[in-house]
Amino acid sequence: MHKRMKRAATVLYILTLVGVTVLLLLIGVNEKKDEYQARNDLGLVTVDEYQCQDVADADTPLGIRKVYTWTLPESIEGDTSLAFYYVHQYVKVYLDDELIYRAFPADEKRIGKTLGCDWAMVPLFAEDAEKQVQVDVIPVYQTSVNRTITFYEGSKFGIVRMQAKKDGWQIGLSLVSILIGLVFLGIACYHILTKKQKSNLWALGAFSVMLGIWRLTDTWFSPILFPANATLLFYLSVTMLMVGVVPLLKMLQTFLYEKDYMLLDIFCVLSSVVCLLVLAAQMLGLADIRENLIIIHVLILLGILLTISIAVYDRIKYKKSKNGKILWICVVGIAMDVVAYYVKGNSVDLFFSLLAFQIYVWWTGIGIIKSYIEWEKKLSEQEAELMEGRVSIMLSQIQPHFLYNSLTSIAYLCGKDPDGAKRAINDFADYLRGNMDSLKQKTPVPFEMELKHIKIYLSLEKMRFEEELQITYDIQTMDFRIPSLTIQPLVENAVKHGVGKVPSGGTVVIGTREKEDCYEVIVADNGVGFDVNQQAEDGKTHIGIANVRSRLWEMSHATLDISSEPGKGTTATIMIPKNQ
């Protein structure tokens with residue numbers, strides 16, 4: 001049940017990300033601003049004193065529009081403009097009842113009700129001095145009815161410099177957040193693709209990027225830089241906040257002692273379903289994301305409460321739990337920003353969550369990278385131990401008695417059978433070369449290669465035992481791989497400790513067969529056999545068996561089973577899973 005829930009959480013979140021991507025593409029391609037501009041852009045100016053009144057208007061979305069009026073100064077220099085920032089509102093600007101500026105969503109291919117958040121930049125000329133200004137602001141959502149608008153008169157450069165100064169800290173932190181997130185995602189991808197190791201760093205990197213995009217696109221400065229994409233910037237901001245919930249929870253799990261709390265996976269499923277519904281409502285024209293933003297905020301608050309509850313439980317149940325003050329900084333940061341949003345009525349200068357999560361991202365990211373370094377170090381140590389195992393097996397197989405017996409047999413053949421001696425020398429060289437080459441093998445080799453090496457070994461032993469050693473091959477399949485030098489120690493035990501101790505000799509059988517879930521390699525002999533229980537109790541083992549078991553498991557998750565009976569012989573069976 002838990003595995004299915006985790007899988008559902010992953011699938012639904014991927015669908016959510018796809019939905020966000022589709023929405024942003026649709027907005028970027030189709031959403032257009034119907035903007036009328038009767039003047040060329042000459043600059044920007046600021047206006048402070050004005051009159052404001054609410055006027056009933058049945059043709060507006062909420063039946064009301066705000067009308068701001070004032071008189072321009074007695075003289076206007078060049079490179080000046082009227083500028084103001086509007087949020088989820090339509091605007092019209094008149095000079096002496098002449099419409100000179102209008103900003104409405106284009107009628108064709110509309111996806112949302114508003115343009116989001118944008119600047120109105122209205123150029124003013126010298127002949128406009130002392131003219132009457134009227135600005136009609138039409139709110140689209142109830143939350144934007146009482147929003148205060150600040151009007152500026154001055155150069156465009158002046159407003160850019162002013163806003164850059166106001167948003168500078170937020171822009172800087174946001175860019176750092178995006179950069180760090182991309183670095184973490186790169187490291188995570190490297191470990192997943194090259195090391196085949198699961199990485200918690202992807203959630204941290206994804207959240208850091210989403211956090212940075214959210215805060216960067218939520219500044220007043222962004223629409224100034226990208227005036228043609230103000231609507232897209234708004235939806236980038238709000239959707240990053242929306243889809244950031246899941247990686248946020250996955251990231252917070254890093255501090256929990258027990259990583260598989262099912263409630264978190266259930267919440268991730270719920271969050272993804274809600275986000276998909278909100279995205280569908282936006283794209284179908286049923287309701288804007290901005291109208292459903294309270295649902296996203298409720299989800300975030302529920303996530304906070306769930307995280308607090310699990311963190312407290314985790315701390316009580318597992319005294320060694322790693323969750324600490326850094327986790328609470330994040331929770332408090334989110335809560336304070338949500339409260340600030342509803343108190344202020346906007347998301348400008350939400351400082352706490354950005355700063356808290358920057359601390360968390362750095363702290364956690366460095367910890368995860370340290371764990372990667374420790375893992376690499378441990379892997380190197382394991383590789384060194386594996387190499388020692390290979391060397392140990394190789395040395396165990398090149399025993400002095402085997403070398404002496406082989407060389408003595410070759411010397412005997414030199415006088416009696418020179419051609420046989422020549423073949424024996426070639427076999428002996430191939431045998432030594434095969435053992436040395438096995439040291440280089442870090443992955444399982446084709447069984448056919450291992451079988452060839454075994455046959456060379458047995459041909460050398462055949463010189464010594466002659467007719468006393470009979471060999472039978474029952475090879476039914478060779479379509480699999482096996483760690484090198486794992487069958488030969490079993491064959492050597494069968495020869496030396498099995499049939500070699502029987503005066504009349506015996507037979508060694510080497511076979512393979514394919515089963516439904518594994519491949520089996522059997523090495524059997526009809527030699528003296530032994531008592532398996534007694535052998536386990538006295539601690540004696542055949543040559544290389546411990547290393548063989550270890551290498552089989554580490555490289556292929558294969559197992560070795562040895563059965564024996566005194567006077568009847570021994571059977572060693574290697575079972576190699578097919579899914580390896």
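**Chat about helices and a sheet**

Modeller: Let's start with helix H7 (residues 262-283): it has 22 residues and reaches 32 Å from first C-alpha to last, close to the 32 Å expected at 1.5 Å a residue. Keep in mind this is a predicted model.

Biologist: New topic. At what angle do H13 and H14 pack?

Modeller: Helix H13 (residues 447-465) and helix H14 (residues 488-498) pack at about 20 degrees, and their axes are 10 Å apart. Angles under 35 degrees count as roughly parallel, so that's what H13 and H14 are to each other.

Biologist: And which hand is the crossing of H13 and H14?

Modeller: Right-handed.

Biologist: Which residues meet there?

Modeller: From H13 you get Glu-450, His-453, Ile-454, Tyr-457, Leu-458, Glu-461 and Phe-465, and they meet Gln-488, Val-491, Glu-492 and Val-495 in H14. That contact divides into six nonpolar, two polar and three charged residues.

Biologist: Switching to strands: what's the order in the three-stranded open sheet?

Modeller: E7-E4-E9, with antiparallel pairing. Strand E7 (117-124) and strand E9 (151-154) are the edges, each pairing on one side only. Neighbouring strands are turned by 20 degrees against each other on average, ignoring direction.

Biologist: How many bridges link E4 and E7?

Modeller: Four, between E7 and strand E4 (residues 80-87). Tyr-86, for one, has Asp-118 in E7 as its bridge partner.

Biologist: Which strands does H2 lie across?

Modeller: Helix H2 (residues 156-194) lies across E7 and E9, and runs at about 130 degrees to E9.

Conventions: Residues numbered from 1 in each chain as written. Predicted model: local features only at pLDDT ≥ 70, side-chain atom pairs only at ≥ 80, totals over all residues. Heavy atoms only, no water. Axes fitted to C-alpha atoms, helices over the stretch in contact; angles between N-to-C directions. Helix = DSSP H or I, 4+ residues; strand = E, 2+ residues; numbered from the N terminus. Parallel < 35°, antiparallel > 145°, perpendicular 65-115°, else oblique. Left-handed = near helix turned anticlockwise from the far one by under 90°. Contact = heavy atoms within 4.5 Å. Nonpolar A, V, L, I, M, F, W, Y, C, P; charged D, E, K, R; others polar. Expected span 1.5 Å × (residues − 1). Pairing = 2+ DSSP bridges.
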